[in-house]
Structure formats: structure tokens, C-alpha cells
Amino acid sequence: MDEPGWQVADSSYVLDSPYLRIRRDRIVLPDGSEIEDYYVRESRGYVIVFALTDDGSVVLVRQYKHGIGKVLLELVAGAIDEGEDAHETARRELAEETGYAARSIDYVRSFVTDPTNANTIAHLFVARGAYPAGEQHLDATEDITVVLAPLDALRELLRSGAIESMPHVGAIYFMLDGRI
């Protein structure tokens, strides 16, 4: 099935803020029936950075996530700003959230995150030779603790549930599958 057969009969924005954009579509399905209120979250996407130090540690961040109301352990990640490309975002987020830089930051691949209700794409990067290069520059909503985890401990952190955010779990397993 290459052609979905869905047609957008009408579209409007019900929320358009710097942090969240929601579009309401009226959809005509292939059988002619209509869905009046199909909501889609729009974004410029975000990056996830798998930062590896020369001594074999992965740079993780521990921070509070208000949507779920708890502190999570994750890879470095952040939203792509307007006018910024994903590679710039990866470098910026690594520096801002951790104070780290890297000898190289390379694109790995992109993932669709929630295709039913959003157009968001997550772009995975690997940062090799990560090293402390300065101070963190956190946003007002960020309170981040940097955690260095030995590469060989990552699978246990995933299995134990210590890392539980699905995009980060998937990115780590993808990287551990021979991409380091």
C-alpha cells in the first residue's frame, strides 16, 4: 500500500506556541467517510546524541521531565531550533546540557517517533572523543546532572529500567548493535 488514500479536506492550527504546535485536520478516508477532528503535533524534530569518551564511557544526563513528572536518565537530547540544522543542534545540546564537546559528531540515522499523531523525527548522532570543555548552559526548565556510564554497563541500565524513555532505549540499542 503506497498511497494511503487519506485526503486533507481542511486544516487549521488550534495551538501555535514556541513549544507546541497542534494542527486540526478534517480527513476524508478512502471510503468517503470523514474524521472531523484529527489532531497532529508538529515540530522541527529533535536530536539524540550518543556521546562516547575516549575511556569508553557514555555521557548521560539525569533530569526532571515534567510531562511524566519524574527524573529520568537519558542520552543528551534536544529540540531543533528554528533556522538550525540537526548537526548544529547535536553540537549545541551536547555543550549546553553537559559542558562537553567532541572530536567528531556524526549523523547516524533518523527515526519516526509517533507517526499516528505527530510529524516528529528524531535524529541520532554519535559524538566520539567526548571531553569536558566548559560549563553547562542550561535553559530555565533544566536542572541536569551529568552521569558517565561505562559502555559495557549500558545494557544493564536498559534491562533494569534505569533508562526508560523509549527513544533513548531504542537509540542506545541501535548504537550497541555494532555502530560504535
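Reader: Is Arg24 buried, partly exposed or exposed?

Author: The model is predicted, so local features need pLDDT of at least 70 and side-chain atom pairs count only at pLDDT 80 or more, while totals for chains, interfaces and linings use all residues. Residues are numbered from 1 along each chain as its sequence is written, and side-chain values use heavy atoms, with hydrogens and water left out. Buried means under 20% relative accessible area, exposed over 50%, and partly exposed in between (1.4 Å probe, protein chains only). Arg24 has 30% relative accessibility, so Arg24 counts as partly exposed.

Reader: Which residue forms a salt bridge with Arg24?

Author: A salt bridge here is a side-chain nitrogen of Lys or Arg within 4 Å of a carboxyl oxygen of Asp or Glu. For Arg24 the closest N and O atoms of the pair are 3.8 Å apart.

Reader: Which residue forms a salt bridge with Glu42?

Author: The closest N and O atoms of this pair are 2.6 Å apart. The pair links distant parts of the chain, with Glu42 in strand β3 (residues 34–42) and its partner in strand β2 (residues 21–28), 19 residues apart. The partner is Arg23.

Reader: Where does Asp114, which forms a salt bridge with Arg41, lie?

Author: In the pair of Arg41 and Asp114, the closest N and O atoms are 2.8 Å apart. Arg41 lies in strand β3, so the pair ties together parts 73 residues apart in sequence, and Asp114 lies in the loop between β7 (100–112) and β8 (121–132).

Reader: Which residue in β9 is the bridge partner of Leu60?

Author: Two strands pair if DSSP finds at least two bridges between them. Strand β5 (residues 57–65) and strand β9 (residues 145–150) pair in the antiparallel sense over 6 bridges. Within that pairing, the partner of Leu60 is Val147.

Reader: Which glycine takes a positive phi in the hairpin of β5 and β6?

Author: β5 and β6 run antiparallel, joined by 6 bridges. Arg62 has Leu73 in β6 as its bridge partner. The hairpin has 4 residues between the strands, and the positive phi, near 70°, belongs to Gly69.

Reader: Which elements do the buried residues of α3 pack against?

Author: The buried residues of helix α3 (residues 166–176) are His168, Val169, Ala171, Ile172, Phe174, Met175 and Leu176. After α3 comes Gly178, with a positive phi near 85°. The elements that the buried residues pack against are β4 (46–53), β6 (70–79), β7, β8 and α2 (154–160).

Reader: What accessible area do Val14, Leu15, Tyr19, Leu20 and Tyr39 have together?

Author: Patches are made of residues with over 30% relative accessible area and no salt bridge; like charges are joined within 9 Å, and nonpolar side chains (Val, Leu, Ile, Met, Phe, Trp, Tyr) within 5 Å. Leu20 sits in the loop between β1 (7–16) and β2, and is partly exposed at a relative accessible area of 33%. Accessible areas come from the Shrake-Rupley method with a 1.4 Å probe; for residues, only the protein chains shown count as cover. Together the five named residues form a nonpolar surface patch with an accessible area of about 510 Å².

Reader: What share of the residues of the chain count as buried?

Author: The secondary structure comes to 3 helices and 9 strands. From the N terminus on, the elements run β-β-β-β-β-β-α-β-β-β-α-α. Of the 180 residues of the chain, the share that count as buried is 39%.

Terms used:
Helices (H or I, at least four residues) and strands (E, at least two) are DSSP runs, numbered from the N terminus. Contact means heavy atoms within 4.5 Å.
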